[in-house]
Amino acid sequence: MAKKNCLQADPTILFHRFQLGDEAAFENLYHRFSEQLYLSIRRIVSRQDVAEDIVVSAFEKLYKNRQSINEAGHIVGFLFLTARNEAISHLRHQTSRRRASHGWPVDAEYLDPREGELEWEQTMATIRHNIGLMSPEKRAILHLRYDQGLNFHEIAKRLNVKERRVQDQHRRAIHFLRQAFLF
């Protein structure tokens with residue numbers, strides 16, 4: 001029981017144990033994120049059993065790819081993007097089958113009209129989550145740059161730091177976000 005409490009208390013320990021293949025750490029991750037992931041996928045697919053299968057599949061892929069995940073914060077992004085992609089693939093397959101059963105031509109480029117919107121929402125959720133993992137300084141720089149449209153010089157003045165520091169922190173923040181989308 002002490003092992004589980006330790007895993008729940010320190011995400012870094014949980015992450016490292018998970019990378020080593022610790023089943024308790026994996027179970028802990030599953031319990032932490034499966035419900036949230038399931039609810040997210042249910043907004044994309046209507047069937048409960050399909051959503052459950054997608055969640056299980058996402059966790060299986062997470063486990064198989066655990067060695068390639070560099071930081072604990074990337075786990076959530078990996079899970080949500082993997083599950084979202086599987087849900088979209090399910091919709092595509094379902095749409096193709098439906099079109100074929102009606103005798104309509106199956107167009108490989110036909111997409112569910114909700115796909116673009118769902119993809120945007122999931123991507124933005126992943127970005128917001130990963131920005132939340134950043135230092136307050138990096139979050140402020142991103143907010144000033146992208147929400148308020150300030151340039152590096154204006155941000156440096158506002159934060160009372162050197163412009164070079166703003167550029168460096170901005171570069172690191174963008175790199176962190178890009179890494180969240182790489183598996």
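**Entry 1: overall make-up**

I counted nine helices and zero strands in the chain; these are DSSP runs (H or I of at least four residues for helices, E of at least two for strands), numbered from the N terminus. Read from the N terminus, the order is α-α-α-α-α-α-α-α-α. I noted that this is a predicted model, where local features need pLDDT of at least 70, side-chain atom pairs count only at pLDDT 80 or more, and totals for chains, interfaces and linings use all residues. Residues are numbered from 1 along each chain as its sequence is written, and side-chain values use heavy atoms, with hydrogens and water left out.

**Entry 2: burial and contacts**

I looked up burial next: 39% of the 183 residues in the chain are buried, that is, under 20% relative accessible area with a 1.4 Å probe, protein chains only. For contacts (heavy atoms within 4.5 Å), I took those with a separation of 6 or more, and 57% of them join residues 24 or more positions apart.

**Entry 3: confidence**

The average pLDDT (the predictor's confidence in each residue, from 0 to 100) is 80 for the chain, and 78% of the residues score at least 70. A reminder to myself: where pLDDT is low, the predicted coordinates should not be read in detail.

**Entry 4: α2 on α3**

Helix α2 (residues 11-19) packs on helix α3 (residues 23-42) at about 120°, with the axes 8 Å apart. Axes are lines fitted to C-alpha atoms, for helices over the stretch in contact, and angles run from 0 to 180 degrees between N-to-C directions. The pair is therefore oblique, the class left after under 35 degrees (roughly parallel), over 145 (roughly antiparallel) and 65 to 115 (roughly perpendicular). From α2 the contact uses Pro11, Leu14, Arg17 and Phe18, and from α3 Ala25, Phe26, Asn28, Leu29 and Arg32.

**Entry 5: α3 on α4**

I then followed α3 to helix α4 (residues 48-64), where the angle is about 140° and the axes lie 9 Å apart. That makes α3 oblique to α4 too. Among the α3 residues in this contact are Phe26, Leu29, Phe33 and Leu37, and they meet an α4 set including Ala51, Ile54, Val55 and Phe59.

How values were computed. Buried means under 20% relative accessible area, exposed over 50%, partly exposed in between (1.4 Å probe, protein chains only).
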